[in-house]
Amino acid sequence: MSSVPEDLKYTKSHEWVRARPDGTVEIGITDHAQHALGDLVYVEVPDAGRVLVAGEACAVVESVKAASDVYAPLAGQVIVGNSKLAAEPETVNTDSYGEGWLMRLRPAPGALEAAALMSPADYRKVLDAEGG
Amino acid sequence: MRGDAVGRQTPLFKLHQELGARIVDFGGWDMPVQYGSQIGEHHAVRRAAGVFDVSHMCVVDLTGARVRAFLQHLLANDVAKLKVAGKALYSCMLNERGGVIDDLIVYYLSESWYRLVVNAGTRDKDLAWIRAHAAAFAVEVSERADLAMLAIQGPEAREKAAQLLNAADAAAALALESFVGRQLGSWFVARTGYTGEDGFEIMMPAQDAVSAWRSLNALGVASCGLGARDTLRLEAGMNLYGNDMDENTQPFESALGWTVALAPAARGFIGREALEGIVRSGSPAKLVGLLLEDRGVLRSHQKVLIPRLGEGEITSGSFSPTLERSIAFARVPCATGPKVQVDIRGKLLNARVVKPPFVRRGKSLVTDSEGTQR
């Protein structure tokens with residue numbers, strides 16, 4: 001059973017969003033997503049300063065098998081991408097909600113409220129429906 | 001994770017599920033892609049031993065007084081090279097245009113009995129093609145659906161697999177030379193594989209497969225899925241049918257020229273005229289190995305850009321767990337030099353042209369730009 005921490009918000013495409021005290025957000029992929037992908041061997045994160053619209057493909061995670069896009073859960077500007085993942089992509093497998101974060105974002109005004117994010121309970125229902 | 005469509009299943013399917021395998025469709029078969037970590041399974045084969053279920057592959061027995069003449073007509077390689085009983089030969093089966101219908105292994109068992117192992121995804125068209133041409137030679141074509149096949153591969157594979165046999169059969173199995181098989185009791189044990197490591201492929205009655213697999217696990221042989229099989233064969237420089245060649249590509253542009261026996265000139269195999277035409281005019285393309293020098297992962301269908309010569313295409317690409325960088329096969333113009341670029345999501349990354357295999361018997365064969373072994 002995949003881990004779904006209570007303090008995060010989620011998307012149907014298996015990203016998580018952590019609201020930080022300074023008003024920025026941290027974004028990554030869920031435990032379910034990393035498990036479905038398998039051993040990650042390459043992660044491409046966006047450059048600082050890049051402006052994202054909600055739903056835009058903004059990062060790539062590649063396992064041995066395949067490349068998958070990561071979609072921006074909300075609109076905003078990239079503060080920093082997790083540069084450690086270039087050399088240690090497997091961190092996303094071992095700590096998807098912690099050291100395996102992909103990017104930090106300053107949300108566009110009102111974007112966090114406007115984003116179609118799910119509660120942990122609703123995300124668990126999505127996983128149940130997928131048989132995961 | 002998957003829909004309701006049920007594919008064909010091997011005698012080991014329930015055991016794969018019990019072992020926690022992730023099951024995927026492969027050529028119409030429900031097959032294990034991995035049990036745990038795909039990279040872990042890959043390393044198990046390079047460093048110790050792993051077992052693969054390859055029962056989805058199609059074993060076909062050919063019998064008849066004129067079976068040798070039939071195979072000399074059917075195959076681009078020449079079974080006349082097979083002089084010792086049990087000896088195997090790798091060959092392409094071509095259409096009249098020289099396109100590859102399938103690649104296969106043929107075993108010489110006796111003057112009137114040969115055995116083919118063909119790919120799972122091409123089974124139906126292969127059997128139809130073989131039967132259509134066998135009639136004129138009065139050769140009987142029998143699919144051996146009663147057999148399961150296990151591939152046990154890795155530096156410790158033969159020694160582990162031999163422990164499944166009685167003492168006399170174990171000694172006989174361990175005495176097999178490379179690319180030779182032998183019937184030992186109800187099992188056909190061959191020193192062949194698709195990983196670049198030593199090992200056996202064992203064809204056995206379907207009802208033996210589960211207990212054999214469990215015994216191998218108990219001996220420390222890792223269960224390995226098709227995911228690891230693909231990265232192992234890519235490192236080993238071995239083609240995958242449907243990716244690296246198909247009916248629209250010929251052997252000379254698929255790094256398979258070495259499997260075409262044009263001598264003796266009198267042997268009129270299917271596709272020969274087309275291949276002779278290509279030899280006269282020169283093949284426009286070739287299949288090469290690529291080593292990605294930048295970070296990223298090469299994948300099939302990515303575009304390869306060659307200075308002044310145009311474009312090529314990756315046919316198979318992945319991350320190499322042994323080299324810890326990305327490798328690929330690519331079909332490129334024949335005059336392609338040592339440096340190319342690959343278009344990955346709009347970025348041009350640098351790759352070096354190398355001659356496969358990348359890895360053999362656990363060792364990297366790739367040199368860095370200064371020519372020293374990595």
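Chain B of this predicted model has a mean pLDDT of 96. In chain B, 97% of the residues reach 70 or more. For the complex, the predictor gives an ipTM of 0.87 and a pTM of 0.94. A caution applies to any model of this kind: where pLDDT is low, the predicted coordinates should not be read in detail.

Start with the division of the chain. Chain B splits into domain 1 (13–57 + 146–235) and domain 2 (284–374). Between the C-alpha centres of these two domains of chain B lie 29 Å. Their contact draws twelve residues from domain 1 of chain B and twelve residues from domain 2 of chain B. On the domain 1 side, helix 2 (38–47) and helix 8 (226–235) of chain B each supply at least two residues. Helix 2 of chain B gives the most to that side, with five residues.

Now turn to the interior. In soluble globular proteins, nonpolar side chains tend to be buried together. Here the largest nonpolar core has 135 residues. Among those with the most contacts inside this core are B:V106, B:Y114, B:M149 and B:I152. Strand 6 (residues 100–110) of chain B gives the most to the core, with eight residues. Domain 1 and domain 2 of chain B both give residues to this core, so the core lies between them.

Take B:I152 as an example. Leaving aside neighbours within four places in sequence, B:I152 is in contact with residues including B:A49, B:V51, B:F200, B:I202, B:L216 and B:V221. B:K160 and B:G199 are also among its contacts.

Technical notes
Residues numbered from 1 in each chain as written. Chains lettered and ligands numbered in written order. Predicted model: local features only at pLDDT ≥ 70, side-chain atom pairs only at ≥ 80, totals over all residues. pLDDT = per-residue confidence, 0-100. Core = buried A, V, L, I, M, F, W, Y, C linked by C-beta atoms within 7 Å. Buried ≥ 20, exposed ≤ 12 C-beta atoms within 10 Å, placed from the backbone. Helix = DSSP H or I, 4+ residues; strand = E, 2+ residues; numbered from the N terminus. Domains from an automatic or database assignment. Contact = placed C-beta atoms within 7 Å.
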